[in-house]
Amino acid sequence: MARWLSRRGQSPYLLPRSTLPRPVRYVPHIYSDQELAVLFAATDRCHCCPEVPFRNLVMPVLFRMIYACGLRCSEARLLRCGDVDITARRAADP
């Protein structure tokens with residue numbers, strides 16, 4: 001905003017460029033086939049418990065959907081059955 005005002009003839013306070021450190025560039029981790037196999041094997045070993053009775057069924061599907069569909073964790077967590085039309089194999093219309 002201050003730079004924009006400055007270009008329009010105003011005299012706002014501008015922080016010197018060296019005041020704030022440059023943000024570190026995000027470099028995503030690309031999982032190897034072996035790492036993915038270990039991850040999916042671990043989710044396949046999930047066991048059910050009284051607090052989460054269907055965990056052994058949900059976790060393997062959830063992690064595979066995150067991987068295969070490129071979902072963010074929050075997107076996968078908020079999915080509902082009505083969000084997907086399984087018979088047409090496409091996303092349900094909003």
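Select Leu71, which touches Met65, Ile66, Ala76 and Leu79 when residues up to four places away in sequence are not counted (contact means heavy atoms within 4.5 Å). The model is predicted, so local features need pLDDT of at least 70 and side-chain atom pairs count only at pLDDT 80 or more, while totals for chains, interfaces and linings use all residues. Residues are numbered from 1 along each chain as its sequence is written, and side-chain values use heavy atoms, with hydrogens and water left out.

Leu71 sits in the loop between helix 3 and helix 4 (73-77), helices being DSSP runs of H or I with at least four residues, numbered from the N terminus. Its relative accessible area of 23% makes Leu71 partly exposed (buried is under 20%, exposed over 50%, partly exposed in between, with a 1.4 Å probe and protein chains only).

Next, select Tyr67 in helix 3, which, leaving aside neighbours within four places in sequence, is in contact with Leu36 and Phe40. Phe40 and Tyr67 form an edge-to-face aromatic pair, 5.7 Å centre to centre with 70° between the planes (ring centres of Phe, Tyr or the six-membered ring of Trp within 6.5 Å; planes under 30 degrees apart are stacked, over 60 edge-to-face, the rest tilted). Phe40 lies in helix 2 and Tyr67 in helix 3 (residues 55-69), so the pair ties together parts 27 residues apart in sequence. Phe40 itself is buried, with a relative accessible area of 14%.

Finally, select Leu15, found in the loop between helix 1 (2-7) and helix 2 (33-44).

Technical notes
Helices (H or I, at least four residues) and strands (E, at least two) are DSSP runs, numbered from the N terminus.
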